[in-house]
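Here is a short briefing to read alongside the model. Grab your viewer and follow the topics in turn.

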Amino acid sequence: MLPIQVLKDQAQEERGENARLSIFVGGIALGDLVKSTLGPKGMDKILIAGGPDHQTIKVTNDGATILKSIGVDNPAAKVLVDMAMTQDSEVGDGTTSVTVLAAELLREAEKLVSQRIHPQTIISGYRRALKIAQGALVKSANESHLREDLVKIANTTLGSKILSQHKDQFSKLAVDAVLRLNGSGNLEAIQIIKKLGGSMNESYLDEGFLLEKLPGHSQPRRVENPKILIANTPMDTDKVKVFGTRVRVESVAKVAELEVAEKLKMKEKVDKILSHKCDVFINRQLIYNYPEQLFADAKVMGIEHADFEGIERLALVLGGEIVSTFDTPENVKLGTCELIEEVMIGEDRLLRFSGVPLGEACSVVLRGATQQILDEAERSLHDALCVLITHVKEAKTVAGAGASEILMSTAVTVEAQKVAGKEALAVEAFARALAQLPTIICDNAGLDSAELVTRLRAEHANGRHNMGIDVENGTVTDVVALGVIESFNVKMCMVSAAAEAAEQIIRVDNIIKNAPRQRTRDNRPC
């Protein structure tokens with residue numbers, strides 16, 4: 001019989017070994033890309049976007065940022081990128097670790113497949129090993145003494161970032177900001193403002209709320225106990241727009257009459273706004289000269305072009321509502337605070353809202369020499385804040401610096417000896433993949449990984465589960481005594497997500513690419 005073609009022309013299909021090889025290679029390559037950034041001594045990547053005329057440059061070692069910025073075509077690589085993004089949104093840190101662990105699990109699975117072990121057997125072994133690893137991690141978790149452990153966790157998180165040289169300062173800053181949230185976990189209440197100039201150790205936490213805008217001309221610069229109206233409405237219709245407007249008139253005087261009519265409409269709108277008895281008017285959109293003058297005459301502070309994120313955050317912090325119509329002043333909830341005043345940061349002037357109703361709100365001011373440093377510092381601080389917020393919800397800690405990975409690896413290796421059949425090979429492979437994380441951390445620090453990891457295994461086999469790698473001195477030591485601890489939630493999420501992603505990829509035995517969409521020829525006359 002002739003072969004029957006099921007797929008459309010130009011559709012592609014890879015089957016069996018070819019499909020499996022293609023998908024393994026993609027996942028392993030992605031892990032190799034980011035593994036040099038792992039650990040306190042990890043290297044940075046330069047990411048360049050845009051054309052030669054307008055390039056944006058990022059210098060980062062944050063796994064989520066790297067994976068988000070690179071375009072990947074391989075389906076397995078895309079699965080790992082999605083997994084890292086989930087890790088970033090769930091717990092904020094461990095994105096590089098989760099990608100590297102998933103890639104190492106795929107590397108081990110590829111070796112087992114080449115030994116003619118069925119993928120389902122590998123998956124069954126990985127599932128059994130995951131349960132053993134999770135059980136060992138749960139047993140090793142310690143209850144947290146909140147503030148003291150939060151500072152240590154922040155130190156560990158920032159230890160592999162650009163802020164590592166100033167980690168004591170930024171750890172205290174991040175902990176102070178998170179403790180102000182009173183367990184709410186509302187990261188929106190913490191605003192990060194980046195200002196070029198100065199050095200990073202000049203960064204600080206401001207207990208007020210800062211807005212990078214200024215009042216209009218001749219308007220009040222300082223208001224005590226203000227009533228604040230927050231709006232999203234056009235305030236730029238006091239002039240006839242020349243572009244895109246067609247007006248047929250008999251003389252220029254008619255155009256002047258149109259502008260007067262527009263001004264009258266704007267004055268009516270401003271009068272409606274003033275009927276709310278507000279002292280400050282904050283608008284997401286522009287405020288043109290005429291309404292700005294009317295606000296100045298009424299001694300009302302008018303702030304324009306507070307972008308949407310700024311408006312949303314202000315409404316949250318000031319306890320007001322964002323309004324677009326002004327016909328029912330009695331139904332509008334105005335925001336309040338104790339004081340609005342101008343402050344200077346470097347050479348820039350900003351507005352500071354003090355004594356806001358949402359007492360947990362605060363602003364972190366970052367200083368730095370270049371925009372790339374500021375951007376990376378913001379990413380690092382954001383990771384630390386996310387980890388701390390996650391930890392506050394379930395205050396348990398585990399040992400860092402590779403101790404937890406070797407602990408889980410040792411537990412899995414011991415249990416693998418009790419498993420019969422080929423599944424035992426998969427369980428052992430899971431243990432080897434876990435042991436690769438501390439190996440990579442040593443390699444990135446220029447240390448002898450074979451020597452240190454074998455010594456670390458021996459310590460854990462003898463029951464000393466707090467032993468980890470001191471990359472500063474190149475030794476094996478009690479890392480809990482050094483204060484190198486991590487959040488239990490971050491570590492648990494990392495192991496679980498990597499195992500699940502690897503399992504999904506190992507299951508694949510067929511890759512089908514759709515035929516590209518045919519574009520119809522444009523036959524219109526030029």
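In which loop does Gly-355 lie? Gly-355 sits in the loop between strand E15 (348–354) and strand E16 (362–368). Please keep in mind that this is a predicted model.

**Around Gly-355**

- Leaving aside residues up to four places away in sequence, Gly-355 touches Cys-337 and Glu-338.
- For a sense of distance, Val-480 is 125 residues from Gly-355 in sequence, and their C-alpha atoms are 39 Å apart in space.

**Strand pairing around E17**

- Strand E17 (residues 396–399) pairs with strand E4 (residues 142–143) in the antiparallel sense, over two bridges.
- E17 also pairs with strand E20 (residues 485–487), again in the antiparallel sense, over three bridges.

**The largest pocket**

- The largest pocket holds about 970 Å³ of space, and 42 residues line it, with Gly-39, Pro-40, Thr-156, Gly-159 and Ser-160 nearest its centre.
- Elements that each give two or more residues to this lining are helix H4 (95–114), helix H6 (146–158), helix H13 (423–444), strand E18 (467–470), E20 and helix H16 (488–506).
- H6 supplies the largest share of the lining of the largest pocket, with four residues.
- By class, the lining of the largest pocket splits into 13 nonpolar, 19 polar and 10 charged residues.

**The second largest pocket**

- The second largest pocket has a volume of about 710 Å³, and of its 27 lining residues, Ile-192, Glu-309, Arg-313, Glu-378 and His-382 are the closest to its centre.
- Two or more residues of the lining of the second largest pocket come from each of helix H2 (63–69), strand E5 (190–196), helix H10 (308–318) and helix H11 (371–393).
- Which element gives the most to the lining of the second largest pocket? H11 does, with six residues.
- The lining of the second largest pocket has eight nonpolar, five polar and 14 charged residues.

Methods
Residues numbered from 1 in each chain as written. Predicted model: local features only at pLDDT ≥ 70, side-chain atom pairs only at ≥ 80, totals over all residues. Heavy atoms only, no water. Contact = heavy atoms within 4.5 Å. Pairing = 2+ DSSP bridges. 1 Å grid on protein atoms, 1.4 Å probe; cavity = no way out; pocket = protein on both sides within 12 Å on 5 of 7 lines; lining within 4 Å. Points joined across faces, edges and corners; volume = space filled by probe spheres on them. Nonpolar A, V, L, I, M, F, W, Y, C, P; charged D, E, K, R; others polar.
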